[in-house]
Amino acid sequence: MSENGGEPESQCTQLCRSAEGAAAQGNFEESAGLLRQALELEPNNADIMDCLGQVPLEKGDVEEAVAIFQQSINVSPDGSFVKYLNLTQMSTGMESVQLYRRACQVMRQQLAELENRKNEVFAGTVDTQMNDIRASLAEALAAIAECYLTDLCDEPDAEQVCESVLE
């Protein structure tokens, strides 16, 4: 049974919970193994891919992390915005800005969907989710401006882009 006494958890959910626990204890190899098992059960689950991509990212294996996050994007481009934010850590310049912009698009889509669902579910939960996404959106927009203040400062429209993303 699940923790809340409802339906039993799927094997995949159990593997993901165990992987989360292993990662929290610093056992990244164990976590990766459990996530790979979960991915075998649900090969098109982008959420599992996003979690799995964190492991090589933590270990500094950029190539593997990029490959996993790219696979997640291919499977679910409008799923979690976090995959895009993770990829920005491994990119620079205009590529980084494009990833931030895509993350912002996904965040805005999620905010609109949550706004539409406010009446269907407990509003306090939705408000908390929306506030978290808004905070991430503000950070991403500030990061775009920062890119134009550093790496892309010589771009002809750098000043205008900074102003527009911060409005």
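## Surface and basis of the model

The chain exposes about 9,900 Å², of which carbon and sulfur atoms supply 47%, with accessible areas taken from the Shrake-Rupley method and a 1.4 Å probe. This is a predicted model, in which local features need pLDDT of at least 70 and side-chain atom pairs count only at pLDDT 80 or more, while totals for chains, interfaces and linings use all residues. Residues are numbered from 1 along each chain as its sequence is written, and side-chain values use heavy atoms, with hydrogens and water left out.

## Fold and burial

The chain has eight helices and zero strands, where helices (H or I, at least four residues) and strands (E, at least two) are DSSP runs numbered from the N terminus. Its C-alpha atoms fill a box of roughly 55 × 45 × 25 Å along the principal axes.

Of the 167 residues in the chain, 41% are buried, meaning under 20% relative accessible area with a 1.4 Å probe and protein chains only. Among contacts (heavy atoms within 4.5 Å) between residues at least 6 apart in sequence, 44% join residues at least 24 apart.

## Largest pocket

A pocket here is an open set of points on a 1 Å grid over the protein atoms alone, where a 1.4 Å probe fits, with protein on both sides within 12 Å along at least five of seven lines; lining residues have an atom within 4 Å of a point. The largest pocket has a volume of about 240 Å³, counted as the space filled by probe spheres set on the points. Of the 16 residues that line this pocket, Cys16, Ala19, Glu20, Leu35 and Cys51 are the closest to its centre. Helix H1 (11–24), helix H2 (28–41) and helix H3 (46–59) each supply at least two residues of the lining.

Key
Buried < 20%, exposed > 50% of the residue type's maximum accessible area, 1.4 Å probe, protein only.
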